[in-house]
Amino acid sequence: MANNQKEILLEIKNLDAHYNVDGQPVSALQDVNFSIQKGERVGLVGESGCGKSTLLKAIMGVLAPNAQITRGAIKLHEGDLLQASPEQRRQSRWNDIAMITQSALNALNPVHKIGDQIIEAIQSHRDVDRQQARTRATELFELVGVPPQRLDDFPHQFSGGMRQRAVIAMALALSPEIVLADEPTTALDVIVQDQIFERLDLLQKEQAFSMILVTHDLALVVESCSRIIVMYAGMIVETGPTHEVVRRPFHPYTAGLRYAIPDPSTKYEPISIPGAPPDLSQQINGCRFAPRCPLATSKCELEMPPLVSSLASDAARQTRCHHADQMDQSRDRFHDQSFWQTAKTTS
Amino acid sequence: MLLDVQDLAKHYVLGEGFSNLFGLSNPQKIRAVDGVSLRLQPGEVLGLVGESGCGKSTLARILVGLELPSSGALLFNGNDIAEDIKSNRKQFHQKVQMVFQDPYGSLNPQHTIEEIVTRPLIYQQLGLSKAELKDRAIDALNDAEMMPAKRYLNKFPHELSGGQRQRVCIARALVLQPELIVADEPISMLDVSIKWSIVRLLKRLVKERNIGLIYITHDLSSVPAICDKLAIMYLGRVVESGLCDDIFKQATHPYTQALLAASPNPNPDVKRGRPNISGAIPNASNIPTGCRFHPRCPNAQPQCATEQPAERHRGYHRAECHFAFDVKIERTKRA
Ligand SMILES: Nc1ncnc2c1ncn2[C@@H]1O[C@H](COP(=O)(O)OP(=O)(O)OP(=O)(O)O)[C@@H](O)[C@H]1O
Ligand SMILES: Nc1ncnc2c1ncn2[C@@H]1O[C@H](COP(=O)(O)OP(=O)(O)OP(=O)(O)O)[C@@H](O)[C@H]1O
Ligand code: SF4
Ligand SMILES: [Mg+2]
Ligand SMILES: [Mg+2]
C-alpha cells in the first residue's frame, strides 16, 4: 500500500467461498484480496446481500455450516488461519480477532445478566478474579456510554442501541488486535455514534488495534475510515483512500452508491441504480455488474475484469472495471437517472 | 383521527426480584416513556427520532398493543386500544402492523420466507387459496424490494443477509394492507439505493391507501423524504414536534439542534459542525430535575435545573424548552 512502512496485520488472499443451497453451490465471495495494517480502520461497503457479513464471518471463523471456502488464505501475522487447528482458532477468537455481529440486537443470552456475560467472557480468556473482571466491564460500559448501574440488567431490559453498545463493549473486552464490526451503529443516534467513534479513535491510537467497519452509511466511512473497500456481488470492485474514492470513483457501481445519497452541497438529485444483483447460483463469466451498468460493452459481458490499479500515480487505488479509464470523462453522467436507465436490464 | 395518544407513560421497575424480598437491593424505576402525546391522521407519516434508549421502541410496542401503558390514554380510530384488542384481537391486528427493530430476533427460524409472509393472511382466515396466498406474498416481497421475489420464497431466515431480513419484515407488515404501520428502524441495514426505493414505496402506500405510518429512525437523512410530521424524543418525552419542514428549517430545542448538526456528511469536502453537547448519557432510572436535558444543554440557565419547562408553541411547532422560539439561538457548535 501507499506507505509500506507499516506492518501488515491481516492479509486476505484470493479468497473464494460459496454456500451450498439444495446441493448447488451459490457463490458468495470471489477472488477477494486485501490487507489491513496494524492500527488501520477500513470501511467495507456494498449493496445488501453482496457478501460483507460472509467475509467477516470467514475471517472470524464462524461461517454457517453450509458455507465452504474453496480457495485462498486468511493470514494473521503471516500465519494462515485457514490452516490452523480448531483449537488454535478458538484461542484466537476474541483474543486476537473480535467481532461485533450484525445480529448484535439479538446476540446476548436472554437468561443471563448482561454484566455477567461480559465478566464470564473476560474470565474465560484471562486469569483475573471476578472483581477485576467487573471493573473492566464497568470501564467498558462507560466507554460505550451505558450507565454501569445497568450491568445487572437482562438483555430484554435494554433498548436496541443499548444492546448494540453492550456487544461493542464485549468485543473490546480482551483488547483484540482486530475488531470486525458489522453494522455496529444501526441502532444508535448520531450523537452517541459520534461519541463512540471519538472514544474508539483514542483507544485505537493507544492500543493500535485495527478495524474493519461494515456499514451501509457511506458518510460514516468518509468520516471515520482512511481506506474504503467497495464490494459488489461477492467481489471487491474498488478500493483506495476513502476521500479519493468518494470524490473520484472509478467503478460505475461506486459512482452509483455515491450519487444515490442526497447531497445538499450539490445541484444533483440522488439517483437509484435500476435492476437487482445477479443470481450467483449461475456461473457468470463477465463483469457481475454488467447487466446494470450503463458503460457495459460486449467485452464486459464476456470477460471478468481484474482488480487493477486505476491510477498510474497511485497504486493504492484499484478498480475492477474494463472501462475505468472512461470514468473521468463520464463520471458526471452517473448523476443522471436517465443514463442509468440505458443499462441492459432496463433497456 | 387515526391515532390519538394523550400523556402516555410506561414505567418499568428493575431489581424487584428475589434479592429484593430480603431488602438487599433498591428497586430502580425506569421511566421509559414519561408523558407522551401524539396525533396521527390517516395519510400521514410521523417520524419519531431520538437518542438511543429514549423510549421509542417502548412507545411503539404500546401503540400496537403489545404492552400496556402505565398511564395515559391511547385511542385508535376513536376507540381505546386495550378495549379494541379485548373485543377483537384478530381485527385489531389486521388494522395495525409493526415492523420490529431487530430483524434477527423477529423472524421464526423454522419457517420459510413464504410461510413468514403468508402467515398473517392465514391467521386472518381470509379464505384465500394456496395460489392466492403465494401471489400476495410475492407482491409484498416485490414491494419491499426483494427482487426477484421467487428466488427467496423457499429460503429460511438464516440464509438471508441482514438487509434481506429487514425487507422480509417489511413485506410481512404490508401483506395485510393495514391502516396503521409502526415501523421501528425498518431500513437501518439497507444501502442507499434500496433504502430510497422503500421510502418511496411507503410514502406512496400511505397516500394511496390513506394509511398512517409511524417511522422510527436514527437516520435523519431519510426523514425529509418520507415524514410529514416529526417528533423528537429525549429521555421518555417528546421535546420538540411539528411539521417536518419547520423542524428541519428552524429547530428550536437544543437537543434537536445538536442532533441535526451531528449528522455525518458523505461529501468529504464539506465539514460538518460538531454538536456541543457532551457528557454521559443519562439513565432513565435517574431523570434529571427541571428540564431533563439541562445537564447536557449548551444553553442551560439556572432555572433549567429546577423548573420543568412547559410546552411552548408557534403554530403546530411545539417544544419543551424554557427558551423555545424566544431568541434565535445560534446553531450549536462544539468548541
Ligand atoms: N447460510 C446461508 N446459506 C445460503 N445463502 C446464504 C447464507 N448466508 C448468506 N447467504 C446469502 O449470501 C449472500 C451474502 O450474504 P451476506 O450476509 O454476506 O450479505 P451482506 O453483504 O452482509 O448483506 P447485508 O448488508 O444485507 O447484511 C446473500 O445473498 C445471502 O442471501
Ligand atoms: N422490559 C423492560 N424492562 C426494563 N426496562 C426496559 C424494558 N424495556 C425497555 N426498558 C428501558 O426503557 C428505556 C427505553 O427503551 P426503548 O427500547 O424504548 O428505547 P429506544 O428509544 O427504542 O432506544 P434504541 O434507539 O436504542 O432502540 C431504556 O432505558 C430501556 O433500558
Ligand atoms: S466492467 Fe463494464 S460492466 Fe463492469 S462495471 Fe466496468 S464498465 Fe460496467
Ligand atoms: Mg450483513
Ligand atoms: Mg428501539
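Two strands are counted as paired when DSSP finds at least two bridges between them. In this predicted model, strand E3 (residues 45-50) of chain B and strand E8 (residues 212-216) of chain B meet that condition, pairing in the parallel sense over four bridges. Within this pair, Leu48(B) has Ile216(B) of E8(B) as its bridge partner.

These two strands belong to an open sheet of eight strands in chain B, which follow one another in the order E6-E7-E8-E3-E9-E10-E12-E11 with mixed pairing. Strand E6 (96-99) and strand E11 (312-314) of chain B each have a single partner strand, so they stand at the edges and one side of each is left without a neighbour in the sheet. On average, and with direction ignored, neighbouring strands of the sheet are turned by 15° against each other.

Helices pack on this sheet as well. Helix H2 (residues 56-63) of chain B touches E3, E6, strand E7 (180-184), E8 and strand E9 (229-234) of chain B, and its direction makes about 145° with that of E3(B). Helix H7 (residues 162-174) of chain B lies across E6 and E7 of chain B, where it runs at about 180° to E6(B).

Taken as a whole, chain B has 12 helices and 12 strands. Its radius of gyration is 21 Å, close to the 20 Å that the globule rule gives for 335 residues, and chain B is therefore as compact as a globular protein of that length. Buried residues make up 57% of the 335 residues in chain B, while residues 24 or more positions apart account for 66% of its contacts with a separation of 6 or more.

Conventions:
Residues numbered from 1 in each chain as written. Chains lettered and ligands numbered in written order. Predicted model: local features only at pLDDT ≥ 70, side-chain atom pairs only at ≥ 80, totals over all residues. Heavy atoms only, no water. Axes fitted to C-alpha atoms, helices over the stretch in contact; angles between N-to-C directions. Contact = heavy atoms within 4.5 Å. Rg over C-alpha atoms; globule rule 2.2 N^0.38 Å. Buried < 20%, exposed > 50% of the residue type's maximum accessible area, 1.4 Å probe, protein only.
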